[in-house]
Amino acid sequence: MTAPLSRIITVFERSPDRGNGLARDMRVRWALEEVGQPYEVRLVSFGAMKEPTHRALHPFGQIPTYEEGGLVLFESGAIVFHIAEHHKGLLPDDPNARARAITWMFAAVNTIEPPIIDLQTIRFQERDQSWYEARLPMVHDRIRDRLGELSIRLGNADWLDGAFSAGDLMMVTVLLRLRASGLLDEYPNLAAYVARGEARPAYQRAFAAQLALFTAQSSGN
Ligand code: GTB
């Protein structure tokens with residue numbers, strides 16, 4: 001009997017989001033839960049992330065990373081894609097539908113996420129700058145432009161292209177980062193789309209796992 005393949009992902013030792021599931025390991029956890037594959041986590045401190053041992057896994061000194069047998073990956077999108085390629089449930093079998101689902105994965109990280117990261121950068125790192133108050137509405141409007149377009153495309157559908165896919169998984173995790181801003185609520189169909197993603201049992205399991213880690217750390221266990 002062959003031993004099951006072990007998978008290890010790296011996650012924040014102390015997540016700054018306090019267990020809200022906003023760090024990018026959440027995408028990987030969710031994908032693994034969707035396809036029913038077990039995984040272990042290795043906790044990494046902010047200091048250790050920049051050390052050579054971790055940089056050997058992740059050239060940019062970040063989380064998440066993914067180890068599976070002899071394979072080491074970084075970039076949450078690439079990790080989710082790898083999982084989706086090797087297990088049923090996250091990408092359709094039909095080649096064209098599969099290509100479209102992959103397109104949505106790229107759209108999530110390449111078109112929707114950049115202005116959202118911009119917002120988080122100015123809110124958390126540039127708040128003291130003289131131009132902060134003037135720039136904030138511009139950044140909000142750039143996000144609104146993208147959300148408006150995405151909202152039109154989604155329309156009344158449950159998911160972006162037929163059945164739930166890795167494209168939706170990536171898009172929901174990207175949009176979730178906006179919740180605190182209130183911008184998502186301006187687009188009721190997108191807010192409902194995100195809520196549908198969060199309601200999936202696999203999402204719930206992934207969320208509970210990262211929250212349990214935060215709770216255990218907070219109580220000193
Ligand atoms: N493109 C890479 C990917 O998709 O994997 C980006 C990876 C990345 O940004 N990782 C972040 C990291 O390691 C954690 S997720 N940061 C530490 C560093 O760069 O030194 C980003 C993140 C962090 C915190 C919150 N939060 O507190 O809400 C949300 C998201």
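1. Arg 200 forms a salt bridge with Glu 34, and their closest N and O atoms are 2.7 Å apart. A salt bridge here is a side-chain nitrogen of Lys or Arg within 4 Å of a carboxyl oxygen of Asp or Glu. Side chains of opposite charge can pair when their charged atoms come close.

2. A word on the source. This is a predicted model, in which local features need pLDDT of at least 70 and side-chain atom pairs count only at pLDDT 80 or more, while totals for chains, interfaces and linings use all residues. Residues are numbered from 1 along each chain as its sequence is written, and side-chain values use heavy atoms, with hydrogens and water left out.

3. Now the domains. Domain 1 covers 7–89 + 202–214, and domain 2 covers 95–200. These bounds come from an automatic or database domain assignment. The two centres, taken over C-alpha atoms, are separated by 21 Å.

4. How many residues of each domain are in contact with the other? The count is 16 residues of domain 1 and 19 residues of domain 2. Contact means heavy atoms within 4.5 Å.

5. The area buried between domain 1 and domain 2 is about 1,500 Å². Carbon and sulfur atoms give 62% of that area. In domain 1, Arg 27, Trp 30 and Tyr 203 lose the most area to domain 2, together 39% of what that side buries. Buried area is the accessible area (1.4 Å probe) that two parts lose on being put together, summed over both.

6. Polar links also cross this interface. There are 4 salt bridges between domain 1 and domain 2. The rule also finds 8 residue pairs in polar contact across the interface, with both residues at pLDDT 80 or more. A polar contact is a pair of N or O atoms within 3.5 Å; within protein, one must be able to donate a hydrogen and the other to accept it, and residues adjacent in sequence count only if both atoms are side-chain atoms.

7. Which elements give two or more residues to the side of domain 1 that touches domain 2? They are helix 1 (25–34), helix 4 (76–86) and helix 9 (201–218). Helix 4 gives the largest share, 6 residues. Helices (H or I, at least four residues) and strands (E, at least two) are DSSP runs, numbered from the N terminus.

8. Next, the ligand. It is surrounded by 15 residues, and the closest are Arg 24, Lys 50, Ile 63, Glu 75 and Ser 76. A residue counts as near if one of its heavy atoms lies within 4 Å. A backbone N or O atom of Ile 63 is 2.8 Å from a nitrogen atom of the ligand. A polar side-chain atom of Gln 62 lies 3.0 Å from a ligand oxygen atom.

9. Ile 63 has another feature: a cis peptide bond joins this residue to Pro 64, with omega about 5°. Pro 64 sits in the loop between helix 3 (52–55) and strand 3 (65–68).

10. Arg 18 is in the loop between strand 1 (7–12) and helix 1. Most residues other than glycine have a negative phi, and most peptide bonds are trans.
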